[in-house]
Each structure stands twice: as structure tokens, then as C-alpha cells.
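Dear colleague,

I am handing over the structure we spoke about, and below it I have set out what was found, going from one part to the next. Please keep the structure open while you read.

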Amino acid sequence: MQVIAPAKINLSLRVLGRRSDGFHEIETFIAPISLCDEIKIERRPAEQKIAFRCDDPSLPKGEDNIVVRAANVFFEETKLSRGVSIVLKKRIPHGAGLGGGSSDAASTLLALNELFETNLPREALAKMAEMIGSDVPFFIFRSAAVCKGRGELVSASRLREELSVLLLKPEFGVPTQWAYSRWTDSREIPGISYGAQQLTHQSFVNDLERPVFEKFVFLAQLKMWLLKQPEVGVALMSGSGSTVFAVLRSNANGDLLANRAKAELDPQLWTCACETW
């Protein structure tokens, strides 16, 4: 069987403080978007266990891969014999703040639940997802949602309307753990806008911009450049970066904006025009 694993953007991300377990308490509003990885999963004889392949050579291939970890958690929790082939086709860049790895893991759990006819409810799969990573439970529900705690407390929500967005990512990534570790001691860069932006009754803000922009100044410059473009209603970093997304105004041409960004800022920018789900 073949399934898709959608990326996400954080429309808002508030960091509320450090928890006793070392994670940070957050409140974030996340929306899945139409950019997706593809996963093909097939049953195999149990003695052949888990076979995994991916077209991105930079990702780990063995037990360290989050898809393999998700499969192992599923088989451990269900007590089923391992026997599956997983092929991952990557479209979502990693280190981008788009949740690609977490989505791949959640989609693997959803697919295995269907393939092995275990009929587990989404809530049970979300508990498995929590063992894998903080963002993984969000992707189990395939809906916009408010996530609290360290991200594992998911409350499905609705967007007032579909948003057209342009994703822009430089060649470098930003490690999520590093971004959170710098949150307490970081400072704002003068002349950079960090405040909440309002559009279509939605507030857009990201508390991780402060630590990330302090080190990766190009991302701050990219955001401010986008805010000056006539096609752009909102510009914000997603998650811990390094993707900055622009919410486009009605009838705006995302491809023209992407080409202008490459010409004026960085010809190596990765860009993708997509929509929220």
C-alpha cells in the first residue's frame, strides 16, 4: 500500500518555559500542508523483519531512522511479528521546521494499523507516536490542531479558510534541540519584527525566531524581505526553522515571488508553493 506524509507549518508557536523533564512547555497551532513525502509499505514473511529504503542518502538507514523506530514501536506494542518492507520517497527537506520526519513516522503507524488490520483507534496510535517524538502525535490526526505540553497534547481545530503559502528554505538546516536550548538567553536583533501578525482572524507568531535569528541572520533578513513584497500578507519562520513561509494574498503568484527571492537573496533557495489542508 502507498500513503502520503504531509508536511506542516506552525501558524503560531509560544514557548511557555522549561519543564522538569528537560523539554519546553509550548502552545502551538499547526496546520498540515499539501507538500508530502510518499511511503510504500508491504507485508513480508515475519523472519525477514523490517526492510527500509529511502531515496535520500543523507538520512540514516537503520534503527536510527524515525520510520524504522515507528515500525518497531508498532510491532512491540501490538505484539505482532515483524515482517514489512518500507520505501520512503522524500520531498520534505529535513532540518526545515516542516515536520517531515515526524510525519513519516506517524504515517507509518497509520499504514501499519491498516495493513495488519489491527483497527486501533487514533488515540491509541497517538500514544505510540508520543514514544517516538513530540511532533509525531499531531500527524496521527491529519487535521489542523492546537498542541500543548511538549507537543503531544493534541486538540483538533479548524482553519477559518485555506491558506496559499510559499515555503523558502536556504541550504542550511537548524537543529530543533539547539533552537530550544538558546531560547532563554537569546536577544532580539534591532530592526527585525518579532511581534504577532494578524491575517484572516488568525494570529501568526513564533517565539523561536528570537534564538534562531540571532545566529542565522539570513533567516531574519529573508522574513523582513518577504514582508516588503506586495504578494505577502504574513511572513514567519515555521517551527525551529530553517524554513520561512509567506502567506500569500488573493491572486498572488507564488512562482514569481519565489523567482524574485532567488534573484535578490539567494539563488540556491529551495522553494515550494503549496496550500494548507
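**The sheet and its helices**

In this predicted model, strand 7 (residues 164-169) and strand 11 (residues 244-248) pair in the antiparallel sense, and 4 bridges join them. Within that pairing, Leu166 stands opposite Ala246 of strand 11. Both strands belong to an open sheet of 4 strands, which runs in the order 10-11-7-12 with antiparallel pairing. Strand 10 (232-237) and strand 12 (270-275) are the edge strands, each of them pairing on one side only. If direction is ignored, neighbouring strands of this sheet are turned against each other by 20° on average.

Two helices pack on the sheet, and each is described here by the strands that it touches. Helix 7 (residues 217-227) touches strand 7, strand 10 and strand 11, and its direction makes about 170° with that of strand 10. Helix 8 (residues 254-264) touches strand 7, strand 10, strand 11 and strand 12, while its direction makes about 20° with that of strand 7.

**A pair of helices**

Elsewhere in the chain, the axes of helix 1 (residues 66-78) and helix 2 (residues 100-115) come within 8 Å and cross at roughly 35°, and the crossing is right-handed. Helix 1 contributes Ile66, Val67, Ala70, Ala71, Phe74 and Phe75 to the contact, whereas the residues from helix 2 include Ala105, Leu109 and Leu112. By type, the residues of this contact divide into 9 nonpolar, 4 polar and 1 charged.

The largest pocket holds about 1,200 Å³ of space. Its lining is made of 46 residues, and those that lie nearest its centre are Ser102, Asp135, Thr176, Gln177 and Ser240. The elements that give two or more residues to this lining are strand 1 (2-18), strand 2 (24-43), helix 1, helix 2 and helix 5 (176-181), so that you will meet the pair of helices described above again here. The lining of the largest pocket divides into 18 nonpolar, 20 polar and 8 charged residues.

In the second largest pocket there is about 190 Å³ of space. Among the residues that line the second largest pocket are Glu161, Glu162, Ser164, Leu199, Thr200, Val247, Leu248 and Arg249, and its lining divides into 5 nonpolar, 4 polar and 3 charged residues.

With kind regards

Key: Residues are numbered from 1 along each chain as its sequence is written. This is a predicted model: local features need pLDDT of at least 70, side-chain atom pairs count only at pLDDT 80 or more; totals for chains, interfaces and linings use all residues. Side-chain values use heavy atoms; hydrogens and water are left out. Axes are lines fitted to C-alpha atoms, for helices over the stretch in contact, and angles run from 0 to 180 degrees between N-to-C directions. A crossing is left-handed if the near helix is turned anticlockwise from the far one by less than a right angle, and right-handed if clockwise. Contact means heavy atoms within 4.5 Å. Ala, Val, Leu, Ile, Met, Phe, Trp, Tyr, Cys and Pro count as nonpolar, Asp, Glu, Lys and Arg as charged, and the others, Gly among them, as polar. On a 1 Å grid over the protein atoms alone, a cavity is a set of points where a 1.4 Å probe fits but cannot get out, and a pocket is an open set with protein on both sides within 12 Å along at least five of seven lines; lining residues have an atom within 4 Å of a point. Grid points are joined across faces, edges and corners, and a volume is the space filled by probe spheres set on the points. Two strands pair if DSSP finds at least two bridges between them.
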